[in-house]
Amino acid sequence: MTITEEIQRRRTFAIISHPDAGKTTLTEKLLLYGGAVQLAGSVTARKNQRATTSDWMELEKKRGISISSTVLQFDYDGYRLNLLDTPGHKDFSEDTYRVLTAVDAVVMVIDSAKGIEPQTRKLFEVCRQRGVPIFTFMNKCDRPMKEPLALLDELERVLGIGAFPVNWPIGNGADFQGVYDRQTKTMHTFERVVGGKYRAPETVGGLHDPAVRGNLSEADFAKTVEELEMLEHAGEIFDDAAVLAGKSTPVFFGSGVNNFGVQLLLDGFLKHSPAPKSRVMGGIEIAPENPAFSGFIFKIQANMDPKHRDRIAFIRVCSGKFDRDMTVHHSRSEKKVRLSSSHKLFGNERETVDEAYPGDVIGLVGHDSFGIGDTLTTDPKILYKEIPRFTPEAFSYLHNPNTGKYKQFRQGLEQLLQEGVIQALYLRNSSIKTPLLAAVGPLQFEVVQFRLESEYGAESRLEAAPWSVVRWLPTDIKEEELDALSLPTGARLAYDIGKNPVILFQNEWSANYFGETNKNTPLSALPVQTARE
Ligand SMILES: Nc1nc2c(ncn2[C@@H]2O[C@H](COP(=O)(O)OP(=O)(O)OP(=O)(O)O)[C@@H](O)[C@H]2O)c(=O)[nH]1
Ligand SMILES: [Mg+2]
């Protein structure tokens with residue numbers, strides 16, 4: 001296969017939504033229908049019993065939520081898919097946003113009973129800004145759902161995006177029969193299978209086949225037929241260009257847990273989603289066919305597999321061909337490094353990979369100098385600046401109650417900071433050695449504590465810190481200038497991990513007051529980008 005053919009068969013996408021809409025469940029089912037697993041691993045009825053391929057961490061299993069994104073690579077129907085399941089909880093949105101920099105399309109999952117929830121809306125905004133094509137899966141049609149027309153209207157009204165229903169649900173809740181595919185004009189009637197572990201038996205036929213009606217009342221069926229006629233009458237056609245530009249979203253209905261409509265989503269997605277495109281960095285366009293290999297690190301994760309207590313850097317290949325053992329330029333250290341330990345990933349399973357192409361996400365092991373956002377390339381002129389940063393809003397000291405375990409505590413914390421699980425700040429002129437953690441949301445503290453204990457055997461104790469706002473000072477401010485600042489009551493000077501000075505404020509009001517009374521010292525919610533970042 002030529003490199004162009006390899007690129008054209010790649011599909012790299014993330015599944016996003018508000019918590020609990022069913023992303024992990026759908027991921028499992030895409031694997032099942034994609035032939036990557038024989039049996040969907042999720043025991044989804046009871047959250048605490050779940051053990052899925054993509055939720056590998058103890059804490060995720062315990063809480064039944066995803067706290068970290070998962071990469072799954074598999075082949076289906078001639079395509080090579082790189083699928084990323086993301087966490088929905090807002091405290092972990094940093095991880096989700098980083099993943100969005102690495103994909104070419106997203107599947108947005110909506111709970112059809114709830115419609116568009118706040119976190120979906122935020123994630124949608126990020127996709128829109130990046131111009132990422134969005135495919136919509138209206139999930140949980142097996143439960144009493146909102147009117148399908150109302151759901152489409154919500155997409156258009158709340159998100160301001162055109163919505164094109166590729167298929168349409170027939171019945172809902174206990175009467176959900178299946179979906180009508182508007183493009184092939186066929187009705188797909190599904191049967192429920194216990195636990196949804198296997199593919200759902202499916203009958204394909206005409207809309208007016210009596211079997212389609214199932215338990216549906218005459219009136220309900222007539223209403224659905226009328227809706228379909230209305231849609232046809234509106235005469236809208238599938239507009240690939242609008243979808244690729246992120247202006248319109250194809251909508252698929254179904255039920256992940258029951259395997260309804262999953263195959264149609266998978267096939268429809270593959271047919272209409274884009275292969276890897278060029279990336280524009282600092283005015284330079286880097287095409288995937290560019291002969292130079294290049295990619296950037298968007299995620300770091302340690303201890304994914306208790307059998308290998310190591311650290312894995314996830315890189316999205318953007319151009320050229322990756323070969324195992326190749327030597328590349330590493331942007332942060334400006335050094336040449338040899339990439340010998342490269343893996344393709346499937347949840348917590350990994351397999352050595354010898355070559356990879358644009359669109360692929362691969363894991364690199366054994367490079368402690370790699371950080372999130374770093375570019376790896378054979379052409380040092382290429383430098384990606386993709387990774388967004390977020391302003392922390394929660395602050396806590398992390399104590400080590402067990403001095404005998406000092407080493408484990410330090411080492412564990414250092415690793416987690418490097419992974420970007422949380423940020424740390426260092427108070428200026430302070431004798432306190434206790435680390436001050438800064439998080440986008442408080443669940444991140446819980447993850448740090450849990451992982452310190454389970455992966456490093458180090459206990460920890462949290463103590464709330466008195467600040468709720470952090471602002472960055474100009475990075476070139478001098479030490480004497482810092483000495484001369486007059487801070488509001490309770491505010492403190494500190495440094496971030498990159499030694500950039502910040503001020504911690506007790507509240508928003510105090511930060512604003514400082515801003516207004518110190519016009520010569522501009523504050524920013526994030527460190528002002530330096531050339532390196
Ligand atoms: N009734 C019904 N329940 C579903 C369906 N899909 C998922 N669920 C249930 O919804 C709950 C949440 O599913 P998950 O797949 O964990 O949701 P998620 O979006 O990955 O959640 P986070 O990763 O924590 O944001 C589970 O209890 C699932 O069994 C569906 O089609 N119908
Ligand atoms: Mg999940």
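## Charges, a metal site and covered helices

Visitor: By about how many helical turns are Lys-223 and Glu-227 separated in helix H8?

Guide: Helices here are DSSP runs of H or I with at least four residues, strands are runs of E with at least two, and both are numbered from the N terminus. Lys-223 and Glu-227 sit four residues apart in helix H8, so the separation is about one helical turn.

Visitor: Before we go on, what kind of model is this?

Guide: Residues are numbered from 1 along each chain as its sequence is written, while chains are lettered from A and ligands numbered from 1 in the order in which they are written. Side-chain values use heavy atoms, with hydrogens and water left out; local features need pLDDT of at least 70, side-chain atom pairs count only at pLDDT 80 or more, and totals for chains, interfaces and linings use all residues, since this is a predicted model.

Visitor: Back to that pair, then. How far apart are the closest N and O atoms of Lys-223 and Glu-227?

Guide: Side chains of opposite charge can pair when their charged atoms come close. The cut-off for a salt bridge is a side-chain nitrogen of Lys or Arg within 4 Å of a carboxyl oxygen of Asp or Glu. Lys-223 and Glu-227 form one, with their closest N and O atoms at 3.6 Å.

Visitor: Is Glu-227 buried or exposed?

Guide: Buried means under 20% relative accessible area, exposed means over 50%, and partly exposed is in between (1.4 Å probe, protein chains only). Lys-223 comes out at 38%, so that one is partly exposed. Glu-227 has 7% relative accessibility and therefore counts as buried.

Visitor: Which residue forms a salt bridge with Glu-232?

Guide: Glu-232 is partly exposed because its relative accessible area is 38%. Its salt bridge has the closest N and O atoms 3.9 Å apart, and the partner is Lys-185. The two link distant parts of the chain, 47 residues apart: Glu-232 belongs to helix H8, while the loop between strand E8 (178-181) and strand E9 (186-190) holds Lys-185.

Visitor: How many residues apart are Glu-508 and Arg-471?

Guide: These two side chains meet in a salt bridge at 3.2 Å, N to O. Glu-508 is in helix H14 (residues 508-517) and Arg-471 in strand E28 (residues 469-472), so to speak distant parts of the chain, and the pair links them across 37 residues.

Visitor: How many salt bridges does the structure hold?

Guide: Some of them share partners: Glu-6, Arg-9, Arg-10 and Asp-360 are joined that way into one network. Across the structure, the count of salt bridges is 32.

Visitor: How many residues apart in sequence are the parts that Thr-24 and Ser-66 tie together?

Guide: Thr-24 (OG1) and Ser-66 (OG) coordinate the magnesium ion (ligand 2) at 2.0 to 2.1 Å. Thr-24 is in helix H2 (residues 23-33) and Ser-66 in the loop between helix H3 (58-63) and strand E2 (70-76), so the parts they tie together are separated in sequence by 42 residues. Donors are N, O and S atoms within 2.8 Å of the metal (3.2 Å for Na, K and Ca), and because water is not among the atoms, sites may look incomplete. The sequence separation, again, is 42 residues.

Visitor: Is Ser-66 buried or exposed?

Guide: Thr-24 has 7% relative accessibility, so Thr-24 counts as buried. For Ser-66 the value is 10%, so Ser-66 counts as buried.

Visitor: What is phi of Asp-20 near?

Guide: Asp-20 is in the loop between strand E1 (10-16) and H2. With a relative accessible area of 46%, Asp-20 is partly exposed. Its phi is positive, in a residue other than glycine, and is near 75 degrees.

Visitor: And what is phi of Lys-499 near?

Guide: Lys-499 belongs to the loop between strand E29 (492-495) and strand E30 (501-505). Lys-499 is exposed, because its relative accessible area is 68%. Phi is positive here too, in a residue other than glycine, and is near 65 degrees.

Visitor: How many of the residues of helix H10 are buried?

Guide: Helix H10 (residues 262-272) has 11 residues and is mostly covered. Among the buried ones are Leu-264, Phe-269 and His-272.
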